[in-house]
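User: I have a model open and would like to learn how to read it. Can you take me through it feature by feature?

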Amino acid sequence: MGDTRAKVSVKVIPKKEEGIVFALGPDGGDTEATSNILLRNKSGSAALAFKVKTNNADKFWVEPKSGFIAAGSILQIRVELRPDHARAVRDGIADPAEFAKDRFLIQSVSVLPGDEAASAGSEFASEEEKSRAVNAIFQSAEPTAILNTKRNVMVRLEPAHVVVAAAAAPAVA
């Protein structure tokens, strides 16, 4: 018995070559340690279930981590570099290049018509209930029906912060 799911058609922004960028400014504001992932369901008829995973969950907070996207809809996912890691970069304790090994995996799969009760627009009593519904859809899907999209992470300091850090560093002859 084969999987009769529609082929996943999703656009992920940022593009692969751009990666997920965290531009840290000198003032240490929490809003500067955030980035966004946009998921656009390009299907005109099938809802999608999605999951966002990272290889370094203690560095990043993702909201929502999983859920549903109605046909033709766009969903914004907020990714936050946790404050202690952002502070370490701003204070010169952590090298921004170290974040290049961090990755995000965005998984998506079409929702079958029989799963409509668990699709976009449905009400869930809790995030746990929604997460269980998403997991059930992924577990019932053939591995070939799941689209895996990867994105790298880049952390950079804004120029004002780099100038301050460079002024404090000793001159090299």
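User: Which residues does Leu81 touch, not counting those up to four places away in sequence?

Analyst: Contact here means heavy atoms within 4.5 Å. By that rule Leu81 touches Phe22, Leu24, Ala33, Lys59, Phe60, Ala86, Phe99 and Val155. This is a predicted model: local features need pLDDT of at least 70, side-chain atom pairs count only at pLDDT 80 or more, and totals for chains, interfaces and linings use all residues. Residues are numbered from 1 along each chain as its sequence is written, and side-chain values use heavy atoms, with hydrogens and water left out.

User: Which residues have the most contacts inside the largest nonpolar core?

Analyst: The general idea first. In soluble globular proteins, nonpolar side chains tend to be buried together. A nonpolar core is a set of buried Ala, Val, Leu, Ile, Met, Phe, Trp, Tyr and Cys residues joined through side-chain atoms within 4.5 Å. Buried means under 20% relative accessible area, exposed over 50%, and partly exposed in between (1.4 Å probe, protein chains only). The largest core here has 27 residues, and Ile37, Leu39 and Leu81 have the most contacts inside it. A second, separate core has twelve residues, including Val111, Val134, Ile137 and Phe138.

User: Which side chains of S3 are buried?

Analyst: In a regular strand the side chains alternate between the two faces of the sheet. Strands (E, at least two residues) and helices (H or I, at least four) are DSSP runs, numbered from the N terminus. In S3, Ser35, Ile37, Leu39 and Asn41 point to one face and are buried.

User: In what sense do S3 and S7 pair?

Analyst: Strands of a sheet pair through backbone hydrogen bonds, either parallel or antiparallel. Two strands count as paired if DSSP finds at least two bridges between them. S3 (residues 34–41) and S7 (residues 74–81) are antiparallel, with seven bridges. Leu39 has Leu75 as its bridge partner, and Ser35 has Val79. S7 also pairs with S5 (residues 60–63), antiparallel over four bridges. There Phe60 stands opposite Leu81. S1 (residues 10–13) joins S3 through four bridges, again antiparallel, with Val10 opposite Asn41.

User: What is the strand order in the open sheet of five strands?

Analyst: Read it as S2-S9-S8-S4-S6, with mixed pairing. S2 (20–24) and S6 (66–69) are the edge strands, each pairing on one side only. Twist averages 25° from one strand to the next. Axes are lines fitted to C-alpha atoms, for helices over the stretch in contact, and angles run from 0 to 180 degrees between N-to-C directions. Within the sheet, S8 (residues 103–110) and S9 (residues 147–157) run antiparallel, joined by six bridges. Leu105 is partnered with Lys150. Helix H2 (residues 127–140) lies across S4 (48–54), S6 and S8, at about 75° to S6.

User: Is Ser66 buried or exposed?

Analyst: Ser66 is found in S6. Ser66 counts as buried because its relative accessibility is 14%. Leaving aside neighbours within four places in sequence, Ser66 is in contact with Phe50, Lys51, Lys130, Ser131 and Val134.

User: Which element gives the most residues to the lining of the largest pocket?

Analyst: H2 does, with five residues.
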